[in-house]
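Trainee: I am new to this structure. Please take one part and walk me through it closely.

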Amino acid sequence: MKRVIGYYGIWAALTYLSIVSAVLGMFLALNGNLGFAIVCLMISGLCDMFDGTVARMRHRTENQESYGIQIDALADIVAFGVFPVVIGFSAGAHLIFYNNTGLGLGFSIAIGSVYILAALIRLAYFNAQEIELKTKGERRTYYEGMPVTFVAILIPLVYAICLIFEIELAHVYNVMLLIIAAAFLLRIRIPKVRGRYLLAFLLIGLPIAVYLIWNIGVRI
């Protein structure tokens, strides 16, 4: 791979896969396949959850480590910033606000912009923090505010609840995005997702994924 720009080791593969899953999910959502799209969001979250672990198991140069920090944040803004807004549009969140307030698409655009901006600010801020910690030889032991990756569990959970209680996802989606955007930026300490926390995420996420896939099969 010396003839092309970038790094292509196994340690970067999960981050690349996260982007591919997010792009696939956006096309599925825009084509009306909302359930499959949300499963793609979960796959992106799973990739992001383990990409750092895989990277630490490999020997990397300083440039490769810096590259890993950059692509992780860039992938996250697509998968957990832009992708959830596309899901909301595909779910018809803008139509709900049009019918109830007359504000229509513009209102949803404003909410989506606030959400993406909050994710962008968070990712850029902690990217700079990680670079600073790396130069000091230190490692972060906790998060401040909610990591953007958490939407890979929260949005599927809300969607599954909506399916169970026969609630239109569009009715709650914009409010959910605003709450999540605020959670991205609040200075609340949250333990880093490691060990038992990773297991907890898997135990929560797996039943949701199974239920969503089963529900998709029933509808087909």
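**A close look at helix 3**

Mentor: Start where helix 3 ends. Glycine 92 follows helix 3, and its phi is positive, near 90°. Keep in mind that this is a predicted model.

Now go back along the helix. Helix 3 covers residues 62-91, which makes 30 residues. From its first C-alpha to its last it reaches 43 Å. Yet helix 3 has a bend of about 35° at phenylalanine 83. A proline, proline 84, follows within four residues.

Phenylalanine 150 is 80 residues from glutamine 70 in sequence. In space, the two are 19 Å apart, C-alpha to C-alpha. Phenylalanine 150 sits in the loop between strand 1 (142-144) and helix 6. Is this residue buried or exposed? Phenylalanine 150 is buried, because its relative accessible area is 15% and the cut-off for buried is under 20%.

Take isoleucine 161, which lies in helix 6. Isoleucine 161 counts as partly exposed, because its relative accessibility is 39%. That value falls between the limits of 20% and 50%.

Technical notes
Residues are numbered from 1 along each chain as its sequence is written. This is a predicted model: local features need pLDDT of at least 70, side-chain atom pairs count only at pLDDT 80 or more; totals for chains, interfaces and linings use all residues. Side-chain values use heavy atoms; hydrogens and water are left out. Helices (H or I, at least four residues) and strands (E, at least two) are DSSP runs, numbered from the N terminus. Buried means under 20% relative accessible area, exposed over 50%, partly exposed in between (1.4 Å probe, protein chains only). The expected span of a helix is 1.5 Å times one less than its number of residues. The bend at a residue is the angle between axes fitted to the seven residues ending there and the seven starting there.
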